[in-house]
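Colleague: I would like to learn how to read a structural model feature by feature, with the general idea first and the particular case after it. Could we go through one together?

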Amino acid sequence: MLYINNLNVELENEKKKILNGVNLDINAGEVHAIMGPNGSGKSTLSYVLSGKDGYRVTEGSATFEGREILELSPDERASLGLFLAFQYPVEIPGVGNMTFLRTALNSQRKSRGVEELSAAEFLKIVREKAKNLKIDAEMLKRPVNVGFSGGEKKRNEILQMAMLEPKMCILDETDSGLDVDAMKLVAEGVNALRSKDRSFLVITHYQRLLDHIVPDVVHIMADGKIIKSGGADLALEVENNGYSDLLAEYN
Amino acid sequence: MSNTDTYEREGVDQDTVEAVRTVGQKYKYGFSTDIEMEYAPKGVNADIVKLISKKNDEPSWMTDWRLSALKRWEKLVEPNWAMVNYPEIDFQDIHYYAKPKSMEKKPKSLAEVDPKLLETYEKLGIPLKEQIILAGVEVGVDGTQEQRKVAVDAVFDSVSVGTTFKTELKAAGVIFCSISEAIREYPDLVKKYLGSVVPQSDNYYATLNAAVFTDGSFVYVPPGVRCPMELSTYFRINAENTGQFERTLIIADKGSYVSYLEGCTAPQRDTNQLHAAVVELVIEEDAEIKYSTVQNWYPGDENGKGGIYNFVTKRADCRGDRAKVMWTQVETGSAVTWKYPSCILRGNESQGEFYSIAITNNHQQADTGTKMVHLGQNTKSRIVSKGISAGFAQNTYRGLVSMHPKAKKSRNFTQCDSLLIGDKCGAHTIPYIECKNNSSRIEHEATTSKVDDDQLFYCHQRGIGEEEAVALIVNGFCKDVLQALPMEFAMEAQALVAISLEGSVG
Ligand SMILES: Nc1ncnc2c1ncn2[C@@H]1O[C@H](COP(=O)(O)OP(=O)(O)OP(=O)(O)O)[C@@H](O)[C@H]1O
Ligand SMILES: [Mg+2]
């Protein structure tokens, strides 16, 4: 699905290197988790993969379903099926949540050559998916993320993911700021989407989420690269002992 | 608001985006129609004024009125206080009268109108023929779709080419016709109200208009009548080197209501064209007028060549107690716009509202706003202005709120928001406030923001392309004003927002 090979990235405006040769192979149907200390480059990796401005790739490549994606525009990557649930979802005043979703969905459908959904079909689907995430009709009408609580924003990201049905889902700390019940809802939302053609890259600081979304592989990222990979129990090790042993081992 | 209603409103945003996709050309109204025209010689003088008057079969009182305006105009100098720059206009190098030859003899009905003219209107998407006019669809309160009628008067260069639904309006007692017809058929009404809101000598352009106006629309809604349909006028400048000077007069008599829409387009031309209209609204006791404009005159090209100079005087006079007026404008076109739809709140408890979206891109300049003149007690006014600048454009909000000594316990609320796209454009807010009593309240809020990269990236990450994303964000910024428009116009306006900002990012 997504193969990242020796990805080196620096900031565009200053000579600061952030990713130092990231290697990551995610096959179709797999769930990978990335953990790592603050500032280790996890969000940067997700931004570079989805095409945000401000970063320069100095070396390496990323292929998504056999296509080199680093040259594509963000919306092209999205239409190919790459989705990022933002660590900090953005507010867009005046643009209704539903309008936003429908515009996004139909843009993607259009670029894939699929017929656009009618208003009625769309409405039916969005209502059902929102219900599963306990997002009420009132929240659907409100402007995108404006005045949403931290947890509501995160649930809204998952709703967007559920609507867009991407192939590769990157979740950047979707669990931070969620209460216990909301975390369960989000995990259920993710698990409901798990399938043999869909992969996940879950960035998190807490083992908790991984109790609900059991990963196939856990990676530890530090200083802009992946320093260790292992099974689900690696997350438990981090939870119990922190990163110091792992970092010491690596150095 | 019911769910369905809100959803449908939301659905409109989507239609915008669809409209944008289907519009290949940047300015889709930029075609000109090859119609044989009859021109008056260039320039303005007493002979030209008499000629215009004669062409319209006007009675002598009208000719005299025009001539006195001309006399005054000849003594005036062009104002230069607005924050706009343009080369000096040679008022003697303009045709003041142009009309399609096929209109030589006034058509008796739409069926007699030159099919080429009708074709032009069809290209513009204006449903001129009565059948097509039923196209406007609005969602009713219960969510069902009901058909809504819009009566249209269309003005092509200097003359009105036909007013639809005349009979049906007549049955309701509403007069809706071209102003030239009104001068002939309803002289008493015209004499009583013409120039009573915007006096002949009000300002340079209004005075010129009073002398040379060629046509425009006239509406009279009798006491207690709720006009059974939206009234609408489309203005189109087609002929080259022609000024368009239309004059609109709308009277809502006691307890009546009317909603009026105005749309404007012009072909793409290298030379600048002048448009100097006057709109007068008279609102009597307990009456209400909603006046909406979608102004999409040709804005000039990317380098600022060509485009319309739009110098317009619009004013509403709330004469009676509890009279209400609402101006809504979406200004996306014109090279230079100079326009301040105003409200004179004379009656006690009268209300004036002004909702505006002004978009300037490339080298466009707009100096626009409103005047709220509070004369009566307990009068209320509300101003919501959204200015969007992109490219090298300059966008100025200029507004006056004036509370006179007798306007006790009156209130004004002003909200002025500016949005910048890129860093070479400018936004300016110039509020003038006068308060001559101590029981009135004036509130003013202003913000300036930029289209944010993070918002754009968020949209892109969800699959929304560059221009669509800008359109979406800007439409969100304008939402308060778009919601004030009648449904049919809201869609058109959203599409226009998108079109006029094409190429503004990237
Ligand atoms: N645009 C930028 N300008 C300056 N520094 C940046 C920028 N983007 C990232 N960085 C820096 O790069 C490093 C990696 O940041 P990143 O956000 O990827 O970390 P993270 O692993 O997601 O951290 P956290 O767990 O706190 O979310 C940090 O030191 C950060 O300050
Ligand atoms: Mg992060």
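Modeller: Let us begin with surface, where accessible areas come from the Shrake-Rupley method with a 1.4 Å probe. This is a predicted model, and in it chain B exposes about 18800 Å², of which carbon and sulfur atoms supply 47%.

Colleague: What percentage of the 506 residues in chain B do buried residues make up?

Modeller: A residue is called buried when its relative accessible area is under 20%. By that cut-off, 62% of the 506 residues in chain B are buried. The chain holds 13 helices and 26 strands, and among its contacts between residues at least 6 apart in sequence, 84% join residues at least 24 apart.

Colleague: How many of the 12 residues of helix H11 in chain B are buried?

Modeller: For helices in general, an α-helix has 3.6 residues a turn, so residues three or four places apart point the same way. In helix H11 of chain B, which covers residues 466-477, the distance from the first C-alpha to the last is 17 Å, close to the 16 Å expected at 1.5 Å a residue. Because 10 of its 12 residues are buried, H11(B) is largely enclosed by the rest of the structure. Among those buried residues are B:Glu468, B:Leu472, B:Ile473, B:Asn475 and B:Phe477.

Colleague: Is A:Asn8 buried or exposed?

Modeller: Its relative accessibility is 5%, so A:Asn8 counts as buried. The residue belongs to strand E1 (residues 2-11) of chain A. Its side chain is joined to that of A:Lys17 by a polar contact of 2.7 Å, and a polar atom of the A:Asn8 side chain lies 3.3 Å from the backbone nitrogen of A:Gly21. Leaving aside neighbours within four places in sequence, A:Asn8 is also in contact with residues including A:Leu19, A:Arg56 and A:Thr58.

Colleague: Where in chain B is B:Asn203 placed, and which residues does B:Asn203 touch, not counting those up to four places away in sequence?

Modeller: B:Asn203 sits in the loop between helix H8 (187-193) and helix H9 (204-212), and at 16% relative accessibility it counts as buried. The residues touched by B:Asn203, with that exclusion, are B:Leu76, B:Thr313 and B:Trp338. Its side chain makes a polar contact of 3.0 Å with the side chain of B:Thr313, and another of 3.0 Å with the side chain of B:Asp202. B:Asn203 and B:Arg184 are 19 residues apart in sequence and 27 Å apart in space, C-alpha to C-alpha.

Colleague: What is the phi of A:Lys134, and what is that of B:Lys409?

Modeller: For A:Lys134, phi is near 55 degrees, a positive value in a residue other than glycine; the residue is in the loop between helix H4 (119-132) and helix H5 (137-141) of chain A, and at 61% relative accessibility it counts as exposed. For B:Lys409, phi is likewise near 55 degrees. That residue lies in the loop between strand E23 (394-403) and strand E24 (411-421) of chain B, and at 58% relative accessibility it counts as exposed.

Notes:
Residues are numbered from 1 along each chain as its sequence is written. Chains are lettered from A and ligands numbered from 1 in the order in which they are written. This is a predicted model: local features need pLDDT of at least 70, side-chain atom pairs count only at pLDDT 80 or more; totals for chains, interfaces and linings use all residues. Side-chain values use heavy atoms; hydrogens and water are left out. Helices (H or I, at least four residues) and strands (E, at least two) are DSSP runs, numbered from the N terminus. Buried means under 20% relative accessible area, exposed over 50%, partly exposed in between (1.4 Å probe, protein chains only). A polar contact is a pair of N or O atoms within 3.5 Å; within protein, one must be able to donate a hydrogen and the other to accept it, and residues adjacent in sequence count only if both atoms are side-chain atoms. Contact means heavy atoms within 4.5 Å. The expected span of a helix is 1.5 Å times one less than its number of residues.
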